[in-house]
Amino acid sequence: MTDSRAAEVLGLLARRGRTLAVAESLTGGLVAAELTSVPGASASFRGSVTAYATELKQGVLGVDGALLAERGAVDPDVARQMARGVREALGADWGIATTGVAGPKPQDGKPVGTVYVAVIGPGHRDGDVSGKVVALRLNGDRSEIRRESVRSVLDLLADELIANERAQDTEQNGGN
């Protein structure tokens, strides 16, 4: 299921000569594993950072320490900054991120199943910390929440890549 989505996003990236980097927290490397299960992934996939510990989100990915102290690691702005940080750290055109609570217990006052997935790409302005973040409320056990988070971040990336591809095609064709 998600492996076909992984193949789709890698194909979209390869067609445009673009690269991808992944920042993961609750998914613990599952997004990277999904991507690298696709033959030829190395043409577009630069690498990943599994920043499971909160201090790594700040130290490695450049997430604002004050933001982490105020809101905790499970936050839409943290997800956005993780995606931007991994994109910059690994020199990729696109960055995606996952952060959330897979359980079995709540974290940072957030219930199990609270997840944020983010994408930052070349069409997003870094100055205003834009990009796209989706908030999820997932049900199921730890494993189900993690798998659904992988599917969701790959879906978000695919949607953004398709939108970006259409925008570039329109621009190249003089707005027609």
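Tutor: R80 and D77 sit three residues apart in helix α5 (residues 76-90), so about one helical turn separates them. In this predicted model, their side chains form a salt bridge in which the closest N and O atoms are 2.6 Å apart. The two partners fall into separate burial classes. R80 has a relative accessible area of 17% and counts as buried, because buried is set at under 20%. D77, with a relative accessible area of 25%, is partly exposed.

Elsewhere, salt bridges with shared partners link R5, E8, E148, R151 and D155 into one network. R5 takes part in two of the bridges described here, one to E8 and one to D155.

Take the bridge to E8 to begin with. The N to O distance between the side chains of R5 and E8 is 2.5 Å. Both residues belong to helix α1 (residues 2-16), and they are three residues apart, so about one helical turn lies between them. E8 is partly exposed, its relative accessible area being 32%.

The other bridge pairs the side chain of R5 with that of D155, at 2.7 Å from N to O. Here the partners come from two helices: R5 lies in α1 and D155 in α6 (residues 142-172), so this pair ties together parts that are 150 residues apart in sequence. D155 is buried, with a relative accessible area of 17%.

Returning to the region of helix α5, the loop between α4 (65-71) and α5 contains V74. V74 is buried, with a relative accessible area of 1%. Leaving aside residues up to four places away in sequence, V74 touches T99, G100, V101, Q107, D108, K110, T114 and Y116. For one of these, Q107, the separation along the chain is 33 residues, while the C-alpha atoms of V74 and Q107 are 7.8 Å apart.

The R5 and D155 bridge instead joins α1 to α6.

Conventions: Residues are numbered from 1 along each chain as its sequence is written. This is a predicted model: local features need pLDDT of at least 70, side-chain atom pairs count only at pLDDT 80 or more; totals for chains, interfaces and linings use all residues. Side-chain values use heavy atoms; hydrogens and water are left out. A salt bridge is a side-chain nitrogen of Lys or Arg within 4 Å of a carboxyl oxygen of Asp or Glu. Helices (H or I, at least four residues) and strands (E, at least two) are DSSP runs, numbered from the N terminus. Buried means under 20% relative accessible area, exposed over 50%, partly exposed in between (1.4 Å probe, protein chains only). Contact means heavy atoms within 4.5 Å.
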